[in-house]
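Work through these exercises with the model open beside you. Try each task before reading its solution.

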Amino acid sequence: MRKLILLLNLVISQVSLGSAAGSGDGELKDEESKEDANRAEQITLTTDDGSSFTVSKQAAKLSKLLKEMISEDEDTSKDIPLLEVKSEALERVISFCEAQVVTGDVIDSDFSLQEEIDLYKAANYMQIDFLLTLTGQKISSFIIEKESAEIIAIKDSIEDLISFH
């Protein structure tokens, strides 16, 4: 009988904890709703060729440049010009930043050397640290894996990167 009473007390305490945790779940859902609202806030970025791209405010803030340009109070309906960034590179930057916000991971890419260099330049201009590190490593790996003759063949791309700094 005593074991039955202990078991019932345990069940009752679990039910009480569950209902208390349920109220905590409501708070968690409120926080998730706020995060969803923050993600839903979009800003528009415009490249030198006039292409426009929308990005969540949260993803945009991974860029130190954009973080300084936007604030919580500021109207984000205005386009932000990024005249030093090619449209193809900006599209890739946005993909990387959105993936970083949603999953916390970096998406894997299989770009050409020139595409990696353009992405590196965009990340550098926009001051996106994680993307600078990633693209720098990919460019280094790309070059290290080549034979001398292959490096000579891609020298224009390498010179483009070197002249960038």
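The exercises go from the sheet to the helices and then to the core.

This is a predicted model: local features need pLDDT of at least 70, side-chain atom pairs count only at pLDDT 80 or more, and totals for chains, interfaces and linings use all residues. Residues are numbered from 1 along each chain as its sequence is written, and side-chain values use heavy atoms, without hydrogens or water.

**Exercise 1. Find the order of the strands in the open sheet, and explain what is left at its edges.**

Step 1. Locate the strands (DSSP E runs of at least two residues, numbered from the N terminus). The open sheet has 3 strands in the order β2-β1-β3, with mixed pairing. Strands pair if DSSP finds at least two bridges between them.

Step 2. Look at the edges. β2 (52-56) and β3 (79-82) each have a single partner strand, so one side of each lacks a neighbour in the sheet.

Step 3. Check β1 against β2. β1 (residues 42-47) pairs with β2 in the antiparallel sense over 5 bridges. Ile-43 stands opposite Val-55 in β2.

Step 4. Inspect the turn. β1 and β2 form a hairpin with 4 residues between them. Gly-50 in that turn has a positive phi of about 90°.

**Exercise 2. Describe how α4 meets α6.**

Step 1. Find the helices (DSSP H or I runs of at least four residues). They are α4 (residues 87-103) and α6 (residues 129-144).

Step 2. Compare the axes (lines fitted to C-alpha atoms over the stretch in contact; angles run from 0 to 180 degrees between N-to-C directions). The two axes come within 11 Å and cross at roughly 115°.

Step 3. List the contact (heavy atoms within 4.5 Å). α4 gives Val-93, Phe-96, Cys-97 and Gln-100; α6 gives Phe-130, Leu-131 and Leu-134.

**Exercise 3. Which residues have the most contacts inside the largest nonpolar core?**

Step 1. Define the core: buried Ala, Val, Leu, Ile, Met, Phe, Trp, Tyr and Cys joined through side-chain atoms within 4.5 Å. Buried means under 20% relative accessible area (1.4 Å probe, protein chains only).

Step 2. Read it off. The core has 33 residues, and Leu-45, Leu-82, Leu-90, Val-93, Met-126 and Leu-131 have the most contacts inside it.

Technical notes: Buried < 20%, exposed > 50% of the residue type's maximum accessible area, 1.4 Å probe, protein only.
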